[in-house]
Amino acid sequence: MTERSSTHTTVIGRVGSTAYVAKPAGWEFRVEYHAIPWIARRIVSPASLVERAANDFLRDFGGRVVRTADEPWRGHPARRLAYAVDAPVRERGSALFVFAGTRLYILDVTRCGDELPSDVVTRFVDSFELMDR
């Protein structure tokens with residue numbers, strides 16, 4: 001597993017980010033969290049934050065939407081996203097974007113090939129627990 005932390009400046013302040021990534025053969029499991037500046041939380045709704053995160057995620061990874069749904073996750077605003085990346089290799093993914101407290105969380109499972117077993121996605125998402133909201 002690898003860990004990567006960074007900070008970048010946005011129009012609404014500095015965002016600190018940390019990502020943990022595991023890459024067993026043919027798979028990628030990712031957990032990220034982003035510290036959202038207080039001003040952003042005051043002027044942008046949680047639903048808009050998760051929507052923007054999902055759109056930026058697709059743009060950054062070169063994916064296209066297969067299906068998406070806004071649905072709360074354990075009482076927090078969230079968006080589920082099934083996506084496909086066709087180049088340089090064919091991949092299928094499922095991501096969950098959750099806004100809780102001062103953080104935006106991203107849980108992502110990607111698999112090379114045409115199919116992403118839903119039981120793997122469910123187990124991964126169900127294993128995640130927020131410790132500090």
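How many aromatic pairs does the structure hold? The structure holds 8 such pairs (ring centres of Phe, Tyr and the six-membered ring of Trp within 6.5 Å; planes under 30 degrees apart stacked, over 60 edge-to-face, the rest tilted). The model is predicted: local features need pLDDT of at least 70, side-chain atom pairs count only at pLDDT 80 or more, and totals for chains, interfaces and linings use all residues. Residues are numbered from 1 along each chain as its sequence is written, and side-chain values use heavy atoms, without hydrogens or water.

The ring centres of Phe-57 and Phe-97 lie 5.4 Å apart with planes at 80°, so this pair is edge-to-face. Phe-57 belongs to helix H2 (residues 46–61) and Phe-97 to strand E6, so the contact ties together parts 40 residues apart in sequence (DSSP runs, helices H or I of at least four residues, strands E of at least two, numbered from the N terminus). Both residues are buried (under 20% relative accessible area; exposed, over 50%; partly exposed in between; 1.4 Å probe, protein chains only). Trp-73 and Phe-128 form a tilted pair, 5.9 Å centre to centre with 40° between the planes. Trp-73 is buried at 6% relative accessible area, and Phe-128 is buried at 15%. Ring pairs link Tyr-33, Trp-73, Tyr-105 and Phe-128 into a cluster.

In helix H3 (residues 118–126), Val-120, Val-121, Phe-124 and Val-125 are buried. They fall within an arc of 125° down the axis, so they line one face of H3 (directions from the helix axis to the C-beta atoms). The face turned away carries the exposed residues Ser-118, Arg-123 and Asp-126.
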